[in-house]
Amino acid sequence: AVAVIAAAVAHPAQAAVIVWDPADLSTGANGSIYFNMTTGAAHTTDPSGMDFRLMQVMSTSLFGTESDARASGLTPGASLLTTGSGRRLLPKLATSQFIGAGSNFKVAGLLGGLSRTSTSTSRYGPWGYGGRGFLGLKFQISGFDHFGWADITVDPGLLEITLLRWAYDDVAGTEIHAGDPIPEPSSAILL
């Protein structure tokens with residue numbers, strides 16, 4: 001994984017937003033992606049030491065096919081920004097949308113779903129038609145909340161989720177905006 005460290009203008013000189021930008025990783029049908037916010041580790045097999053999970057679930061019955069895209073926190077304090085509704089829907093955030101202490105977080109939630117029968121198709125949830133966007137994330141380092149985001153795509157059939165990159169602010173309790181920063185190549189330090 002490649003980390004891009006960008007000093008955020010609004011933070012003290014020592015503060016940084018840590019951006020992990022490894023090769024894209026996809027769930028495939030009935031698969032998962034696990035990722036760690038601070039180490040940049042990500043894979044599809046072992047949840048040990050990982051903070052978050054992206055999951056695609058598909059099931060078939062006599063009535064048709066159901067396909068869901070879901071996400072969950074795996075470590076104490078790891079949670080996802082939700083719409084605040086009872087269904088725990090995870091909004092598709094646009095670049096620069098606020099993620100911070102005033103946001104509503106839950107341990108797990110639904111990105112979207114697709115239900116097909118022989119006579120109809122229905123979609124639900126913020127990611128029900130797929131697309132690219134950001135998930136808002138909260139997790140803990142040494143017992144203190146940190147905020148971050150994950151840049152993902154969900155295919156239109158909801159059969160696959162792809163993790164593109166993720167980031168967090170290394171100052172506890174500091175808000176972050178989805179997709180920020182987008183550092184200039186000259187201001188980034190590659191590790």
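**Burial and make-up**

I take buried to mean under 20% relative accessible area, exposed over 50%, and partly exposed in between, with a 1.4 Å probe and protein chains only. By that rule, 47% of the 191 residues of the protein chain count as buried. The model is predicted, so I note that local features need pLDDT of at least 70, side-chain atom pairs count only at pLDDT 80 or more, and totals for chains, interfaces and linings use all residues. Residues are numbered from 1 along each chain as its sequence is written, and side-chain values use heavy atoms, with hydrogens and water left out.

I looked up the secondary structure next. The protein chain has zero helices and 17 strands. Both are DSSP runs numbered from the N terminus: helices are H or I with at least four residues, strands are E with at least two.

I also checked the surface. The protein chain exposes about 8900 Å², and carbon and sulfur atoms supply 55% of it. Accessible areas come from the Shrake-Rupley method with a 1.4 Å probe; for residues, only the protein chains shown count as cover.

**Contacts and cores**

A contact means heavy atoms within 4.5 Å. Among contacts in the protein chain with a separation of 6 or more, 57% come from residues 24 or more positions apart.

A nonpolar core is a set of buried Ala, Val, Leu, Ile, Met, Phe, Trp, Tyr and Cys residues joined through side-chain atoms within 4.5 Å. The largest one has 27 residues. F35, L54, L111, L135 and I152 have the most contacts inside it. Several strands each supply at least two residues of this core, including β4 (32–35), β6 (52–61) and β13 (131–141). β15 gives the most, with four residues.

I then picked out L54. Leaving aside neighbours within four places in sequence, L54 touches residues including T27, F35, R70, L135, I152 and L163. Apart from this core lies another, of 12 residues, among them L81, L93, F105 and F134.

**Strand β11**

How many of the nine residues of β11 are buried? I find seven, and β11 is mostly covered.

Two strands pair if DSSP finds at least two bridges between them. Eight bridges join β7 to β11, and the two run antiparallel. Here D68 stands opposite G113 in β11. On to β12 (residues 121–124): four bridges join β11 to β12, again antiparallel. S115 stands opposite S122 in β12. β11 and β12 form a hairpin with four residues between them.

**Aromatic rings**

Rings of Phe, Tyr and Trp (its six-membered ring) pair if their centres lie within 6.5 Å; planes under 30 degrees apart count as stacked, over 60 as edge-to-face and the rest as tilted. I count five aromatic pairs by this rule.

F134 and W149 form an edge-to-face pair, 5.3 Å centre to centre with 85° between the planes. The pair links distant parts of the chain: F134 is in β13 and W149 in β14, 15 residues apart. F134 counts as buried because its relative accessibility is 7%. W149 counts as buried because its value is 0%.

The rings of F139 and Y168 have centres 5.3 Å apart and planes at 85°, so this pair is edge-to-face. F139 lies in β13 and Y168 in β15, so the pair ties together parts 29 residues apart in sequence. Both F139 and Y168 are buried.

F35, F52 and W166 form one aromatic cluster.

My last entry is a charge over a ring, which needs NZ of Lys or CZ of Arg within 6 Å of the ring centre and within 35 degrees of the ring normal. The charged end of K92 sits over the ring of W127, 5.3 Å from its centre.
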